[in-house]
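Hello,

Here is the structure I promised to pass on. My notes on it follow below.

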Amino acid sequence: MDHDIILLGASAGGVDALIRLCSDLPAALLVVQHIAPTSRSVLPRLLSRAGPLPAAHAEDGEAIHPGRIHVAKPDHHLLVNAADHRLMQRRGLHENRSRPAIDPLFRSAAVAFGPRVVGVVLSGLLEDGTAGLVAIKAYGGISVVQSPEDAAWPDMPRNALRGDSPDHCITLAEMPPC
């Protein structure tokens, strides 16, 4: 089965990692980068400049498009509706001290798409993404963790390695371009 839904989760040090990865892949990319709720996010603009794939903040009810980067808005969790596979933006409770958080996206996409999903935990603090990777694996998807030694902030990758047996623990250079 094709893995055509790529989920990228990042926090501290993650913008540089996302820019390096988001250049060209014929898949749908869904991105959560921890950001302060009152911040003005320019991440879609940075990711669009990084390569040929267009990036934009996800809109509630929007269809997921291959070859496009859908980015969580500040202060909103990015989710996938399992019934119709459309994106949802919700201001639910903070998870792992964050909104947007990585785990809600990973869990909802795992339920919606099962083995089509690849979840990637990148640089950051604390443990967001760990529970989401467990869900991805439980539904037949692939879990990937940036090598802690390669991450600007190794806590999230290190915690993901402790909480799951990821399919891959690799450096950014070893990850195929997205």
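A10 stands opposite Q33 in strand 2. Strands here are DSSP E runs of at least two residues, helices are H or I runs of at least four, and both are numbered from the N terminus. Two strands count as paired if DSSP finds at least two bridges between them.

Some ground rules. The model is predicted, so local features need pLDDT of at least 70 and side-chain atom pairs count only at pLDDT 80 or more, while totals for chains, interfaces and linings use all residues. Residues are numbered from 1 along each chain as its sequence is written, and side-chain values use heavy atoms, with hydrogens and water left out.

**Strand 2**

Strand 1 and strand 2 run parallel, joined by 6 bridges. Strand 2 also runs parallel to strand 4 (residues 68-71), through 4 bridges. There, L30 has H70 as its bridge partner.

Why is strand 2 largely enclosed by the rest of the structure? Because 6 of its 6 residues are buried. Buried means under 20% relative accessible area, exposed over 50%, and partly exposed in between (1.4 Å probe, protein chains only). In a regular strand the side chains alternate between the two faces of the sheet. Here A28, L30 and V32 point one way, and L29, V31 and Q33 the other.

**Cores**

The largest nonpolar core has 26 residues. Such a core is a set of buried Ala, Val, Leu, Ile, Met, Phe, Trp, Tyr and Cys residues joined through side-chain atoms within 4.5 Å. L7, L30 and V80 have the most contacts inside this core. Helix 3 gives the largest share, 7 residues.

Now L7. Leaving aside neighbours within four places in sequence, L7 is in contact (heavy atoms within 4.5 Å) with residues including L30, L105, F106, A109 and I136.

**Backbone points to check in your viewer**

Most residues other than glycine have a negative phi, and most peptide bonds are trans.

- The R99 to P100 peptide bond is cis, with omega near 15°. P100 lies in the loop between strand 6 (87-90) and helix 3.
- D75 is not a glycine, yet has a positive phi of about 65°. D75 sits in the loop between strand 4 and strand 5. At 12% relative accessibility, D75 counts as buried.
- H85 is not a glycine either, and has a positive phi of about 60°. H85 is in the loop between strand 5 and strand 6. With a relative accessible area of 31%, H85 is partly exposed.

Best wishes
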